[in-house]
Amino acid sequence: VTTFDVDNPDGDCDLGNSTITASDDVTISTTRTGDLQNGTSWLIMDGGDLSTDSALRNLQITADCDLDSPLITLDGDLQINAGTLDTRETDITIAGDFTNSSTFIHGDNRVIFNNTGEDQTLDPGASPFFDLTKQGETRLTILNNTLTVASTLRINAANDIVDMEAI
């Protein structure tokens, strides 16, 4: 198990623009003191489970990965490039783009798109969502594929902000 434990009484852990690649289980804990500052960093999961109580910037899946947290918050993008991302009922909040080039298992979870500054894109691949929510005033553009939502599609916004287009 790889553990990032942010426990710095004098400040935060700043990842800057780093790339961290993990091929085993990763636990990120900030429950004591300090915060994880993500900059433009990428966490690349090349296998194993991911558990975190802190927001991440960008997450890339390159081999089978299971989520083991009640909520994963991404301040940036989620890319599923290879393998399977199994959410195991983990809710995911995304402020960036979602790109699925492999397999996404929704686990009866909720995926929330909530960027308030820039438009977002969703390329769902061939995988369905269970519960999909779009919040905020930015546009969500769905690319390349048919979007399948097994349970609930929520659009919580004042404007018409969802576009579907084939590229």
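**Figure 1. Strands β11 and β14 run parallel and are joined by three bridges.** Strand β11 covers residues 91-94 and strand β14 covers residues 110-113. Strands, like helices, are DSSP runs numbered from the N terminus (strands E, at least two residues; helices H or I, at least four). Two strands pair if DSSP finds at least two bridges between them. Which residue of β14 does I92 stand opposite? I92 faces V111. The model is predicted: local features need pLDDT of at least 70, side-chain atom pairs count only at pLDDT 80 or more, and totals for chains, interfaces and linings use all residues. Residues are numbered from 1 along each chain as its sequence is written, and side-chain values use heavy atoms, with hydrogens and water left out.

**Figure 2. An open sheet is built from five strands.** The order is β8-β11-β14-β16-β18, and the pairing is parallel. Strands β8 (71-74) and β18 (149-156) are the edges, each pairing on one side only. From one strand to the next, the twist averages 10°. For such angles, axes are lines fitted to C-alpha atoms (for helices, over the stretch in contact), and values run from 0 to 180 degrees between N-to-C directions. Strands of a sheet pair through backbone hydrogen bonds, either parallel or antiparallel.

**Figure 3. D131 is buried in the model, at 10% relative accessible area.** The classes are buried, under 20%; exposed, over 50%; and partly exposed in between (1.4 Å probe, protein chains only). D131 sits in strand β16 (residues 129-135). Contact means heavy atoms within 4.5 Å. Leaving aside neighbours within four places in sequence, D131 is in contact with N109, R110, V111, T152 and R154. V111 is also the residue that stands opposite I92.

**Figure 4. L122 has a relative accessible area of 0% and is buried.** L122 belongs to strand β15 (residues 120-123). Its contacts, leaving aside neighbours within four places in sequence, include F98, F113, F129 and L132. Also in contact with L122 are L140, T141, I142, L143 and L147. F98 is 24 residues from L122 along the chain, yet their C-alpha atoms are separated by 4.8 Å.

**Figure 5. A network of salt bridges links R88 with D49, D66 and D68.** A salt bridge is a side-chain nitrogen of Lys or Arg within 4 Å of a carboxyl oxygen of Asp or Glu. By this rule the count comes to four. R88 and D49 form one of them, with the closest N and O atoms 3.9 Å apart. This pair links distant parts of the chain, 39 residues apart: R88 is in the loop between β10 (84-86) and β11, and D49 is in strand β6 (residues 42-52). R88 also meets D66 in a salt bridge, at 2.7 Å from N to O. D66 lies in strand β7 (residues 58-67), 22 residues from R88.

**Figure 6. R88 and D68 form a salt bridge, with the closest N and O atoms 2.6 Å apart.** D68 lies in the loop between β7 and β8 and R88 in the loop between β10 and β11, so the pair ties together parts 20 residues apart in sequence. R88 counts as partly exposed, at 41% relative accessibility. D68 is partly exposed as well, at 35%.

**Figure 7. Confidence in the protein has a mean pLDDT of 84.** pLDDT is the predictor's confidence in each residue, from 0 to 100. A value of 70 or more is reached by 79% of the residues. Where is confidence lowest, and where is it highest? Strand β1 (residues 2-7) is lowest, at a mean of 53, and strand β9 (residues 78-80) is highest, at 98.
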